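Open the model in your viewer and keep the selection tool ready. This tour moves from one selection to the next.

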Amino acid sequence: MSLKSERRGIHVDQSELLCKKGCGYYGNPAWQGFCSKCWREEYHKARQKQIQEDWELAERLQREEEEAFASSQSSQGAQSLTFSKFEEKKTNEKTRKVTTVKKFFSASSRVGSKKAEIQEAKAPSPSINRQTSIETDRVSKEFIEFLKTFHKTGQEIYKQTKLFLEGMHYKRDLSIEEQSECAQDFYHSVAERMQTRGKVPPERVEKIMDQIEKYIMTRLYKYVFCPETTDDEKKDLAIQKRIRALRWVTPQMLCVPVNEDVPEVSDMVVKAITDIIEMDSKRVPRDKLACITKCSKHIFNAIKVTKNEPASADDFLPTLIYIVLKGNPPRLQSNIQYITRFCNPSRLMTGEDGYYFTNLCCAVAFIEKLDAQSLNLSQEDFDRYMSGQTSPRKQEAESWSPDACLGVKQMYKNLDLLSQLNERQERIMNEAKKLEKDLIDWTDGIAREVQDIVEKYPLEIKPPNQPLAAIDSENVENDKLPPPLQPQVYAG
């Protein structure tokens, strides 16, 4: 017989509140009727089962991919068994297992939302995933075709790369610095193994490492580029705001040896800006470095055409700063951090790519710390330019070419006059405010001096003196005086 109790006027069957496992404790509806202890046990069992099945699935897919790779070398027909199909199969299998576990532990009140999540997992965003899948398939095919020429060494490299990607899948909860260390350790171990065990020449090792980097970073890009756990996005917004505030900086202020009036030089400047902006569209660190290198070469060519002599490092850095200010590349800090964290270290430490990347980092650091002294300006002018109150003077009329448009000349002349009037008005207003302040200070000073004198020498007003009493007036003390003298008559 079930026990009955009355709570707030409602009869409840307490046998229905007991744990479904029969331990004797009360269950919780949010835990599917289990008590807290039994719920943890059930969750732990399901979690361990899921992990074991995932590992078995990874091992099975690894074996199938190795067999497919070996067969692709022996027959042309086996090339249809590409990496993308196994990756798709693995993703579908894991999605099915994860949704099953979610469904097992979901509450009854959230069935609708869980069904929506399951449908969303089965049908992801078509536009983004389609683009990612196409690029991933292309890179995977290129990687497999590239490794075919290395026979046994290529098969070993492919196996190590797959194991690394599987390991990174379970390390997404780590910090971005720890994931970067894992990638750098993998680069180092693979390169060292090829040189020591495989006896691969250094030039071929560099080519293989480039392909490995391209393959793994295409797969990991969306997880490790500008992650939410870092402040990369905040730094991007800060440097973009800083560059927009410095839009008034001219090439003359930076001593840039580039004459944009020359059509050829102007085209090179545009190409350099395009390359530095295009860096954000690349997914592989080496491709981003290639954009920086192309931008730098356009800068060197522009300087060479302007000066009719080879450019020097002293000319290159100011011009690169000017290109960055003029282009304002998107997500600049995120791209720099991404290259630093996941690029092949040998490429950053040697070669022209590393040199140009170092100069870009120096240019960004200069922009962040740029002040009036860096541009040979007074602090007053620098503050006015930064606030947008005024801008540097435009080109003087005498420097215009004879075939320049008269309307443009007149426009710049009027702008110059307006700028001078604005500066004159600001000076007058500043002098008027200064005069007003001096008058107020003088009035307050006089008032303080008067107050100090009054306090030091206070004015005392004494009452008037009492008038002198007459000799024969009434006096309260007359009784104490001797009698008055009487006149005496002498007989002559």
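Here are the stops, from aromatic pairs to a charged patch.

This is a predicted model, in which local features need pLDDT of at least 70, side-chain atom pairs count only at pLDDT 80 or more, and totals for chains, interfaces and linings use all residues. Residues are numbered from 1 along each chain as its sequence is written, and side-chain values use heavy atoms, with hydrogens and water left out.

**Aromatic pairs.** The whole structure holds 16 aromatic pairs. Rings of Phe, Tyr and Trp (its six-membered ring) pair if their centres lie within 6.5 Å; planes under 30 degrees apart are stacked, over 60 edge-to-face, the rest tilted.

Select W248 and F382. Their ring centres are 5.8 Å apart and their planes at 75°, so this pair is edge-to-face. W248 sits in the loop between α8 (232–245) and α9 (251–254), F382 in helix α16 (residues 379–387), 134 residues apart. Helices are DSSP runs (H or I, at least four residues), numbered from the N terminus. W248 counts as buried at 8% relative accessibility. F382 is buried at 7%. Buried means under 20% relative accessible area, exposed over 50%, partly exposed in between (1.4 Å probe, protein chains only).

Next, select F316 and Y356. This pair is tilted: 5.9 Å centre to centre, 55° between the planes. F316 lies in helix α12 (residues 313–327) and Y356 in helix α15 (residues 351–368), 40 residues apart. Both F316 and Y356 are buried.

**Cluster.** Select Y221, F225, Y338 and F342: they form one aromatic cluster.

**Surface charge.** Finish with E177, E178, E181 and D185, a patch of negative charge on the surface. Patch members have over 30% relative accessible area and no salt bridge, with like charges joined within 9 Å. A salt bridge is a side-chain nitrogen of Lys or Arg within 4 Å of a carboxyl oxygen of Asp or Glu. E178 is in helix α6 (residues 176–196). At 37% relative accessibility, E178 is partly exposed.

Methods: Patch = residues over 30% accessible without salt bridge, like charges linked within 9 Å, V, L, I, M, F, W, Y side chains within 5 Å. Areas by Shrake-Rupley, 256 points an atom, 1.4 Å probe, with all protein chains shown as cover. Lys, Arg positive; Asp, Glu negative; His and termini not counted. Charge placed at Lys NZ, Arg CZ, Asp CG, Glu CD. Helix = DSSP H or I, 4+ residues; strand = E, 2+ residues; numbered from the N terminus.
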